[in-house]
Amino acid sequence: MTDELAFEISQDDLEAPLLSAIDEDQQRAASDADDAAVTIIASSSSSNQNDDEDSDDNNTSHYSRCCCSSHVESFDCPLLQLTSMISNLSTSYNVVNVSMVLPILQQLHHSRDTHNTSFVATSLLAGMMLGQVLGGALGDVLGKLRALHCVMLLQVFASLASSSVSHSSSLYLHLGCWRFLLGIGAGAVYPLAAVISAEQAGGNNARRTSSAARDDEPLHAATSTDASQQQALSRVVLTFSMQGIGFLLVPLAAVILLQVFPTNLDLVWRLLLALGSLPGIFLLALHCATTCRQGRPEMVSGTPDMQTINDGSDLSVPHESSDDNLALTQPLLPDETPPRHLGLLEAIQSEEDLVFKLMGTALPWFLFDVLFYGNTLFQPIVMSAAFGSQNENNSLLRLQRIARDSLLLSMIALPGYFVAAWALGTKSRFHQTPRFVMLQGFACMFILYLVIGTLWSKLQQSPALLILLYGLTFFFANYGPNTTTFVLPALVYAAPCRATLNGASAAAGKLGALVGAALFAPMAHTFGNEAVMLVCSVVALVSFAVTYKFVKI
């Protein structure tokens, strides 16, 4: 009994010092942690009060670390911009290649049926309307980069499928259905490419101002005092300028293919459609290669973590990572509430001056696309009026003439994109706002359409002058409203609903494109070509007034 008691006492005597030592170590560790936290907070507060610029540099360094560290896989910033640019090129090519395909099909089937050609031409526009609305919402919900990859995959599939349609009595029906599906993919690119370019543009500068863009602010409001808005404008305009390259590639490809395969028109139109899949294939291959190399596909340069691109947040504001714990140690002030992500519908309802902004982004886009796409389909009529119908009995020469004429107009119009990029995207004495550029574009288009419509008969006797004036309408369209309607929605809406409202504005534009495509040819047949030009001048004048009233940046 005594031995057992002695054993228990000795065991207790051994355990007590051990437990006491453990307790003392834990208390010391906790005390040291508290002291360290207080020191960090105090030093952070002192640093913020004494040297804001050093804090900005530290944040920028942290941002660069997040983008480039070996254990945070991400796309490089130029790669993200390249993705937006190539996707927009793919869209523009797929939108207009049908203008060269339909004359070839009419020649192959010896048909002048306008109902079938109108169905094929407008089916893509209808699909684009749906795609723009769905693509914008998908970008805000699913994530912009992931959504862009999805719609580019859809473009690849639909392009190849439309080029594989067999000759039958239902050829135009099948082709129209595939073009509708292609339009969904092409339309979705508009809001996604624009918003990705705009939001990632301010990444490196967002921390350099005390009022960097917040998720609930439009880019132009939050960054008007620094270089971020300029950077956003530059990148979005650069992305959109690829549309001009796509428009140029269509007639260029047609000229080459008609020269290489003059006796195989069936192969020519199929290749023209199939070539629209190449940009998407390139982007998907690039994405797969980057994924294999880096391991995590959804990380994007310009954004320090995956949540930024996938939750629809503003890409121009870097998020904090686990390496920066200062924000976690600082308590909220009594009147502060933790930030939260708004739902999509709630974000739209919370958008300030929503109706006014939509009138400034959607209505000018609608009116402009009436002019732009209507005239795109109206081009052969104008070119025929200028140069006559030489060699109309020779099908190959006729098709080659159409391709050359379209190439000529595209070459006249292409510099408009780059002049807009220079005027909007450079900080110089000639820098202009989107509003002023849009007003200039509509004003010049009004004058040109008015001159062409009024002097139509005389201009037919001077083909070169007619083509020059008509080509200038596309130049000023690209310099003015064609560029600015793409840019504005990416700047004026807040991040949680930016892609959705961008898509809604673009869809309004495609509604105008449907109106122009449906009305211009019948109007020319009924009232004459000069009447179409005069109507265009009136639409341009109304567009000028709408822009003056509702566009404010």
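A residue is called buried here when its relative accessible area is under 20%, exposed when the value is over 50%, and partly exposed in between (1.4 Å probe, protein chains only). Helices (H or I, at least four residues) and strands (E, at least two) are DSSP runs, numbered from the N terminus.

The structure is a predicted model, in which local features need pLDDT of at least 70 and side-chain atom pairs count only at pLDDT 80 or more, while totals for chains, interfaces and linings use all residues. Residues are numbered from 1 along each chain as its sequence is written, and side-chain values use heavy atoms, with hydrogens and water left out.

**The chain as a whole**

The chain has 23 helices and zero strands. It holds 553 residues, and 52% of them count as buried. Its accessible surface, from the Shrake-Rupley method with a 1.4 Å probe, is about 24,400 Å², and carbon and sulfur atoms supply 64% of that area. Contact means heavy atoms within 4.5 Å. Among the contacts with a separation of 6 or more, 84% join residues 24 or more positions apart.

**An enclosed helix**

Helix 10 covers residues 265-274, and it is largely enclosed by the rest of the structure because seven of its 10 residues are buried. Those buried residues are Leu265, Val268, Trp269, Arg270, Leu272, Leu273 and Ala274.

**Two packed helices**

Two packed helices are described by the angle between their axes and the distance between the axes. The axes are lines fitted to C-alpha atoms, for helices over the stretch in contact, and angles run from 0 to 180 degrees between N-to-C directions. Helix 18 (residues 434-454) packs against helix 21 (residues 481-492) at an angle of about 150°, and the two axes are 8 Å apart. On the side of helix 18, the contact is made by Pro434, Val437, Met438, Gly441, Phe442 and Met445, and helix 21 contributes Pro481, Thr484, Thr485 and Leu488. By type, these residues are seven nonpolar, three polar and no charged. In this count Ala, Val, Leu, Ile, Met, Phe, Trp, Tyr, Cys and Pro are nonpolar, Asp, Glu, Lys and Arg are charged, and the others, Gly among them, are polar.

**Cysteines**

No disulfides are found in a search of the whole structure; the criterion is a pair of cysteine sulfur atoms within 2.5 Å.

| Residue | Relative accessible area | Class |
|---|---|---|
| Cys150 | 39% | partly exposed |
| Cys444 | 24% | partly exposed |
| Cys536 | 0% | buried |

Cys444 is placed in helix 18. Its C-alpha atom is separated by 6.6 Å from that of Phe476, which is 32 residues away along the chain.

**Single residues**

Ala194 sits in helix 7 (residues 171-201) and is buried, at 0% relative accessibility. Apart from neighbours within four places in sequence, Ala194 is in contact with Val189, Val236, Phe486, Ala490 and Asn502.

Thr500 belongs to helix 22 (residues 498-527). With a relative accessible area of 11%, Thr500 is buried too. Leaving aside neighbours within four places in sequence, its contacts are Gly136, Ala137, Asp140, Leu344 and Ile348.

Asp353 lies in the loop between helix 14 (344-350) and helix 15 (354-387). Its phi is near 50°, a positive value in a residue other than glycine.
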